[in-house]
Amino acid sequence: MKASTSTTPSTSAPPTHSAFPPPSTASLARSSRIAPHSHIKALGLTPEGLATTDGAGFIGQNNAREACGVVVELVKSRKFSGRALLLVGAPGTGKTALALAISHELGAKVPFCPMVGSEVYSTEVKKTEVLAEAFRRAIGLRIKETKEVYEGEVTELTPSESENPLSGYGKTVSHVVVGLKTVKGTKQLRLDPTIYEAILKEKILVGDVIYIEANTGAVKRVGRSDAYASSYDLESETYVPLPKGDVHKRKELVQDVTLGDLDAANARPQGGQDIMSVMGSLVKSGRTEVTEKLRREVNKVVQSYVDQGVAEVVPGVVFIDEVHMLDIECFTYLNALLESPMAPTVILATNRGNTLVRGTTDIVAPHGIPTDLLDRCLIVKTDGYAREQVAKVVQLRANTEGLKLGEGVIDRLAAEGEKSSLRYAIQLLTPASILARLAGRNQIETEDIGEMNELFLDAKTSASLFTESGDYAP
């Protein structure tokens, strides 16, 4: 492509093929990031436990989904302790999607802690410590507290200034007047200046619904009053109804934390406010190991909260992908973690067959997992995708990413997915949309897919370019 030699800028010339057109007004709006599994909402099962054709974002994998549905029921009935779920299948057959769907089925507030087997080989902490930390982050603690609060929509926010007694120059906030309104009435509060600082930190404006804890002075912004929903159109804004009852009330607050959060908070107690304490916290900002003694103390406090009825333990999901990357020491420690009384639901995934157990020289086991751990697992197999299933997944991803497809594009991508892999077919979507946009079209056509095949290689084609000796043979 030949570049223009003119030095005079032109405002009316169309953009060249290699340049992006200026963003439209719609593209300047805030948009959420599309993740690989944004379309997965649940397992997509009927009340009888049977897989629907294309429910909750899932296409195919009927047997695997129904098996995972049985596991979900076992977890909900607290009868899955001491066991693990092992997902086996070829790459790109939905093992991670199944683990994520199980987490969605268990509940929105259930902790989900994904990791890859190679993460345990950290230079900062021991392998077993990485596993223990993942397990602790997957165990939630739902704490219920009854607090005295002031709640309502902010109708007035007036700081009152006075002369600074420490200096002859400038003024300081002596107090702040906050007006709160509920369905039942209104109330005007005269609050401490420290609460005004918390209000500024939360970026609270008139029209926001907030609550202020009477004992601690903590301020929490709940959202924007739904009375302003017609005036503002922000994607990131949350509109909430006007609170009912009085402004001053006793309210039950629910806070969700994990045992990993409690471990980290107790492992790094905050020092003084002097400069040496601050510098020390900066220097020691790397990962630190939590001692087993500290974990036992945290467990005692958690158990006392549970016995008092103040807190509830919520076991979550630990998902270890590429589990064959763990070594024999990790597998032994994993056995011990599974027998823990507060163990979360453990889901493992691998795409290996019979292979050497890492860390050994002579132990070959199915999926690279020792047989003693394999005996603890319920094993679910994932299948490959047929051509019509690839077409449905491609259409679903196009809808999720907001892409328009021309005639014949789905069939062309389904053929590519059948020949190479589902992932390759899906990966062609977004680059093809860029080519279509550069060509002045708002939808992807078959010629865009053809050009993608010229620019990129799929894994099978790339592998075929190498000879048996490993040399590249174009």
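The following paragraphs describe the fold, the packing and a few individual residues of a predicted model.

Local features were taken at pLDDT of at least 70 and side-chain atom pairs at pLDDT 80 or more, while totals for chains, interfaces and linings use all residues of this predicted model. Residues are numbered from 1 along each chain as its sequence is written, and side-chain values use heavy atoms, with hydrogens and water left out.

The protein contains 15 helices and 15 strands, where helices (H or I, at least four residues) and strands (E, at least two) are DSSP runs numbered from the N terminus. Of its 474 residues, 37% are buried; here buried means under 20% relative accessible area, exposed means over 50%, and partly exposed lies in between, with a 1.4 Å probe and protein chains only. Contact requires heavy atoms within 4.5 Å. Among contacts with a separation of 6 or more, 66% involve residues 24 or more positions apart.

Five strands make it up, in the order S2-S11-S12-S1-S15, and their pairing is parallel; two strands count as paired if DSSP finds at least two bridges between them. Strand S2 (112-116) and strand S15 (377-381) are the edges, each pairing on one side only. From one strand to the next the twist averages 20°. Within the sheet, strand S1 (residues 84-88) and strand S12 (residues 345-350) are joined in the parallel sense over five bridges, with Val88 having Thr350 in S12 as its bridge partner. Helix H2 (residues 95-106) lies across S1, S2, strand S11 (317-321) and S12, and runs at about 180° to S11. For such angles, axes are lines fitted to C-alpha atoms, for helices over the stretch in contact, and the values run from 0 to 180 degrees between N-to-C directions.

Strands of a sheet pair through backbone hydrogen bonds, either parallel or antiparallel. Strand S4 (residues 171-181) and strand S5 (residues 186-191) are antiparallel over six bridges and form a hairpin with four residues between them; Val178 has Leu189 in S5 as its bridge partner. The hairpin of S6 and S7 has five residues between the strands, and Gly217 in its turn has a positive phi of about 80°. S7 also runs parallel to strand S8 (residues 239-240), with two bridges between them; Tyr239 in S8 is the bridge partner of Arg224.

Helix packing comes next. Two packed helices are described by the angle between their axes and the distance between the axes. The axes of helix H3 (residues 127-137) and helix H8 (residues 328-338) come within 10 Å and cross at roughly 35°. The crossing of H3 and H8 is right-handed, meaning that the near helix is turned clockwise from the far one by less than a right angle. On the H3 side, the contact involves Lys127, Thr128, Leu131, Ala132 and Phe135, which meet Glu329, Cys330, Tyr333, Leu334 and Leu337 in H8. These residues divide into seven nonpolar, one polar and two charged; Ala, Val, Leu, Ile, Met, Phe, Trp, Tyr, Cys and Pro count as nonpolar, Asp, Glu, Lys and Arg as charged, and the others, Gly among them, as polar.

Several single residues also deserve a look. Cys330 is buried because its relative accessible area is 0%, and Cys113 is buried at 3%. The structure has zero disulfides, a disulfide being a pair of cysteine sulfur atoms within 2.5 Å. Arg295, in helix H7 (residues 292-308), is buried at 5% relative accessible area. Beyond its neighbours within four places in sequence, Arg295 contacts Glu129, Ala132, Glu133, Arg136, Asp263 and Val290. Thr258 belongs to strand S9 (residues 248-258) and is buried at 12% relative accessibility. Thr258 and Leu141 are 117 residues apart in sequence, yet 5.5 Å apart in space, C-alpha to C-alpha.

Most residues other than glycine have a negative phi. Arg78 has a positive phi, near 60°; Arg78 lies in the loop between helix H1 (62-76) and S1 and is exposed at 58% relative accessibility. Glu322 has a positive phi near 50°, sits in the loop between S11 and H8, and is partly exposed at 25%.
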